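Subject: Structure handover

Hello,

Here is the structure for you to look through. My notes come after it.

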Amino acid sequence: MSIRRVPVANAAIDYSQAGFIIGITLGAGSYTGHAKGFDGTGSQNFLEFLFGVECSGATSADNTTGTKFFPDIPYATSIFTMSRNSIGLPMSAGIQCKNAKIEGVTTFGYTANQDNIARSGIYDPDDGTNHIFIDYSDEIFGRFSRVALAKPVLTSDRHYIRITKGIDWIRSCK
Amino acid sequence: MAKHRGAREFTAEELSGVALGQNGFKILEGVDFICGGDFKPSGETATGGNTINYFIALKVIDVDAEVEARAVTDGDDLTLASGGTFDGSSPVSLVNGDIIYGAFDRVEVASSDYVIAYIGK
């Protein structure tokens, strides 16, 4: 692996030319997971996005209020936060991300050392103390195969994020 | 320690690729992380036996952070130590969201502070 093999033009990521997903959680909302989501079926306190192989065959037809599938996108490349509270003031958003391993690069150990976006370093969105809070208008870059957006603690608040899509799975194989 | 040769020391392609997290990263918290690659001075022990040569960017997340970092080239350390040399006890206070670019082979982060350290090579 070398950095020269990065398959996505950086400018395309910067300017969201690969497309994006808007994620929203409401403090007063209720979110039900899918069996292939992190928490399985039932109520959960986060909204989870699964990409590529993490979907395990599920498609958008299987989406629930708490679990969204994007099997054609192997990973997301950035998370941009734009949350506001009930009176419009900017606020941070709690997120966790699971890092997508970069295939064939374990020999030199660079990306074998990569971590998840989580306080413990382990992706566990069910644990509210494990969220990393990202400031309003801040952006986190990486390769994320799962993204979890926490439900706000206050019922009047809302968490918003923009997830930038990575490479197109089908076109990248041609 | 090597002398920095200016703007062409590292390629733009390398810098932009890593700054966007495409080569992976470490979450550092309450640690004195020493890279295990070629730039490590003799006698030092790499943290966790890693094979990372250096980090190319440090991004503060979650809360503000106390960070001290040693550059792979002379005179570029992120430190408040007199003389500008990393001493392990002179961190710089960084605000949540700050990004510091460089090439750092040793990074010390205070307990309960979180930094994304983007892997170079």
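Below is what was found in it.

This is a predicted model, in which local features need pLDDT of at least 70 and side-chain atom pairs count only at pLDDT 80 or more, while totals for chains, interfaces and linings use all residues. Residues are numbered from 1 along each chain as its sequence is written, and chains are lettered from A and ligands numbered from 1 in the order in which they are written.

Confidence comes next. pLDDT is the predictor's confidence in each residue, from 0 to 100. Chain A has a mean of 84, with 78% of its residues at 70 or more. Residues 1-7 of chain A are below 50.

Now the fold. Chain A has two helices and twelve strands (DSSP runs, numbered from the N terminus: helices are H or I, at least four residues; strands are E, at least two). Its elements run α-β-β-β-β-β-β-β-β-β-β-β-β-α from the N terminus.

One loop residue is Pro71(A), between strand S5 (67-70) and strand S6 (76-81). Pro71(A) is partly exposed because it has 18 C-beta neighbours inside 10 Å (20 or more others is buried, 12 or fewer exposed, partly exposed in between; C-beta atoms are placed from the backbone). Its C-alpha atom is 6.7 Å from that of Val53(A), 18 residues away along the chain.

Of the 174 residues in chain A, 48% are buried.

Best wishes

Terms used. Contact = placed C-beta atoms within 7 Å.
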